[in-house]
Amino acid sequence: MNQPDIARLWVYLASAPLFWLTLTLVVFQALNWVFVRGGRMPLLNPVLWSIVVLGGLLTLTDTSYQSYFEGAQFIHFLLGPATVALAVPLYRQWDQVRRSVVALGVALPVGSLIAAGSAVGLAALLGADRSTLVSLSPKSVTTPIAMGVSEALGGVPALTAVFVILTGVTGAVTAAAIFRILRIRDQRAMGFGLGLAAHGLGTARAFQFGETAGAFAGMAIGLNGLATAVLLPILLPILLAMFD
Amino acid sequence: MLGAVTLLLFCQLAGEVLVRLIGLPVPGPVLGMVFLFVFLMLRREVPEPVERVSNRLLDHLSLLFVPAGVGVIQYAARLEDAWLAITASIVGGTIVSIALTAWIIERLLPRPPHPHPPGERG
């Protein structure tokens, strides 16, 4: 193939939704393979590295995010129904929730407020601007909910998505040390803390502590997703006023 | 199968419509999750196709975050400007949240019966 043909081919590929859609699936599956092979080390998180690799490719080839998204939107669309589907695990664990209702009733609102408050407070003290603060505020919640909340409150959903993933990686890496220092041995406590503060990645880590920890983490994702979606619109203006 | 997909999309659509009608600050799909939860409570079971479609979606949940995450390339300059504030917020905030939440549950829940077999406690 001579030079102009390759150029013409690239012009087609770079603007075709099919190319970026396929590439997203290929890159993610390759990195997921590395993650599984590498013993599921949190630092090998396939979402994080897919973003780095695909973002790098777009930058190198000078492709706009808009033309990438024309293909990738077909994956992105599924976040909505996936969020709805979170009702199924929540329903399954409803009996456990009812039995621990007092402890969860305290830990959920306090944890939810601390997760958002500490994120906004620390960043505000170090001089982050308002839209960064809003984008950070739902960082402990599972991505589809966090992005929706961020957009509704005037943040940048794409920034929030990255903050959420980095939060999950942080939680998975630090959990064991936190529990050792605080002498927390109850699996229900470990799981709920991880799921509330570090969503799906925290839940994956919780399953390594045991089945019960995993179940409580999964439940915490749904509960904190709801709590944050309801509380944050009320809390955020107060937080922003406090730190302004 | 098709019915279950339709149910999920219908819940989401109902959520999106209601959010816009009342002007709620909650994302539409979150309200859709509440609708599906109420539906399951009324049914008192998860219909098998709903279970299957939901599991399929949630199995690949992490892939679904990638397209939005790639959008960060549009904000590289801001990340460079505020990297210290962002790092402190994410690392510090996450550690504090896990610690406090787990500590509350540990204090408020009654001990599980016999975490170790009797006689093995140190």
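A residue counts as buried here if 20 or more other C-beta atoms lie within 10 Å of its own, with C-beta atoms placed from the backbone. By that rule the buried residues of helix α2 of chain A are Trp20(A), Thr24(A), Phe28(A), Leu31(A) and Phe35(A). The model is predicted. The contact between its chains takes 92 residues from chain A and 62 residues from chain B.

**Helix α2 of chain A**
- Helix α2(A) runs over residues 17–37, and at 1.5 Å a residue its 21 residues should span 30 Å; the end C-alpha atoms are 30 Å apart, so the two values agree.
- Trp20(A), Thr24(A), Phe28(A), Leu31(A) and Phe35(A) are its buried residues; seen down the helix axis, the buried residues fall within an arc of 75°, so they line one face of α2(A).
- An α-helix has 3.6 residues a turn, so residues three or four places apart point the same way.
- Leu18(A), Val26(A), Trp33(A), Val36(A) and Arg37(A) are exposed on the other side of α2(A).
- The cover over the buried residues of α2(A) draws on both chains, and includes α3 (46–60) and α4 (65–76) of chain A as well as α4 (61–64) and α5 (66–70) of chain B.

**Helix α1 of chain B**
- The buried residues of α1(B) are Ala4(B), Leu7(B), Leu8(B), Cys11(B), Gln12(B), Gly15(B) and Val19(B); they cover an arc of only 125° around the axis, which puts them on the same side of the helix.
- Exposed on the other side of α1(B) are Leu2(B), Gly3(B), Thr6(B), Val17(B), Arg20(B) and Leu21(B).
- Among the elements that cover the buried residues of α1(B) are α5 (79–85) of chain A and, from chain B, α2 and α3.
- Gly23(B) follows α1(B) and has a positive phi, near 70°.

**Domains**
- Chain A is assigned domain 1 (3–77) and domain 2 (84–243), and the centres of these two domains, taken over C-alpha atoms, are 28 Å apart.
- In chain A, 6 residues of domain 1 are in contact with 6 residues of domain 2; the domain 1 side of this contact has 5 nonpolar residues, 1 polar residue and no charged residue.
- Chain B is assigned domain 1 (1–54) and domain 2 (72–110), with 30 Å between their centres over C-alpha atoms.

- Chain B has 7 helices and 0 strands, and 40% of its 122 residues are buried.
- Of the contacts in chain B with a separation of 6 or more, 39% join residues 24 or more positions apart.
- The contact between the chains takes 62 residues from chain B; the elements of chain B that give two or more residues to it are α1 (2–22), α2 (28–43), α3 (48–59), α4, α5 and α7 (83–108).
- Helix α7(B) gives the most to this side, with 23 residues.
- By class, the side of chain B that touches chain A has 46 nonpolar, 13 polar and 3 charged residues.

**Nonpolar core**
- The largest nonpolar core has 111 residues, of which Ala87(A), Ala123(A), Ile165(A), Phe192(A) and Ala102(B) touch the most other members.
- Helix α13 of chain A (residues 211–243) supplies the largest share of this core, 14 residues.
- Leaving aside neighbours within four places in sequence, Ile165(A) is in contact with Asn45(A), Val47(A) and Leu48(A) in chain A, and with Phe65(B) and Gly69(B) in chain B.

Definitions and conventions:
Residues numbered from 1 in each chain as written. Chains lettered and ligands numbered in written order. Predicted model: local features only at pLDDT ≥ 70, side-chain atom pairs only at ≥ 80, totals over all residues. Domains from an automatic or database assignment. Contact = placed C-beta atoms within 7 Å. Nonpolar A, V, L, I, M, F, W, Y, C, P; charged D, E, K, R; others polar. Helix = DSSP H or I, 4+ residues; strand = E, 2+ residues; numbered from the N terminus. Expected span 1.5 Å × (residues − 1). Buried ≥ 20, exposed ≤ 12 C-beta atoms within 10 Å, placed from the backbone. Arc of directions from axis to C-beta. Core = buried A, V, L, I, M, F, W, Y, C linked by C-beta atoms within 7 Å.
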